[in-house]
Amino acid sequence: AEAFRRAVAAKPADDYARIQLAAAHFGAERFDVAGEVVESALALNPAWLHRRFDIGDVFSDREEFDRRVRALETHLVAQDTDAYGRFMLAYVYYFSGNLFGSRNLLRVLEERASPIEGIDAMAREAEHRLTRARDAGR
């Protein structure tokens, strides 16, 4: 995480470094901080949501990624009001192919009137991808 933190400090407008920093915080189970970093990256470049990648590929071991996802899910059961943690899980779901899960988490944040920037954009893009997938399956 420290290398990405230095990269962000050196180039504050580098959204890629911020996304990598968020992934490092996620891996270290600093879920709320990871969500805050994702918010700042999306504020710099909302088009990041148009990219296609699997966030699980950031981890050298897919099982380790899955353990982090489960840890975040468990964290949110205990800390239901952690908006940034919930936003991070929506982001993780979004970029690991669970668009329904992402959209549903984002709806909860919208219902709770969360001030996190990027909720609306990610929810719209998740809905758009779901609609395209549905239409392609017809």
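**View 1. Tyrosine 91 and the residues around it.** Leaving aside residues up to four places away in sequence, tyrosine 91 touches Ile19, Val38, Trp48, Phe53, Ile55 and Met122; contact here means heavy atoms within 4.5 Å. This is a predicted model, in which local features need pLDDT of at least 70, side-chain atom pairs count only at pLDDT 80 or more, and totals for chains, interfaces and linings use all residues. Residues are numbered from 1 along each chain as its sequence is written, and side-chain values use heavy atoms, with hydrogens and water left out.

**View 2. The largest nonpolar core.** Tyr91 turns up again here, in a core of 40 residues, where Phe26, Phe87, Met88, Tyr91, Leu106 and Met122 have the most contacts. Such a core is a set of buried Ala, Val, Leu, Ile, Met, Phe, Trp, Tyr and Cys residues joined through side-chain atoms within 4.5 Å. Two or more residues each come from α2 (15–27), α3 (31–44), α4 (62–78), α5, α6 and α7, and α5 gives the largest share, eight residues. Helices are DSSP runs (H or I, at least four residues), numbered from the N terminus. In soluble globular proteins, nonpolar side chains tend to be buried together.

**View 3. Helix α6 against helix α7.** Helices α6 (residues 99–111) and α7 (residues 119–136) pack at an angle of about 145°, and their axes lie 9 Å apart. Axes are lines fitted to C-alpha atoms over the stretch in contact, and angles run from 0 to 180 degrees between N-to-C directions. Among the residues that meet are Leu106 and Arg107 in α6, and Met122 and Ala126 in α7. By class, this contact has nine nonpolar, one polar and six charged residues; Ala, Val, Leu, Ile, Met, Phe, Trp, Tyr, Cys and Pro count as nonpolar, Asp, Glu, Lys and Arg as charged, and the others, Gly among them, as polar.

**View 4. Two loop residues with positive phi.** Most residues other than glycine have a negative phi. Glutamate 29, in the loop between α2 and α3, has a positive phi of about 60°. Glutamate 29 is partly exposed, at a relative accessible area of 40%. Alanine 113 sits in the loop between α6 and α7, with phi near 55°, and is exposed at 61%. Buried means under 20% relative accessible area, exposed over 50%, and partly exposed in between (1.4 Å probe, protein chains only).

**View 5. Confidence along the protein.** Mean pLDDT (the predictor's confidence in each residue, from 0 to 100) is 93 for the protein, with 99% of residues reaching 70 or more. Helix α5 (residues 83–94) has the highest mean, 97, and helix α1 (residues 2–10) the lowest, 85.
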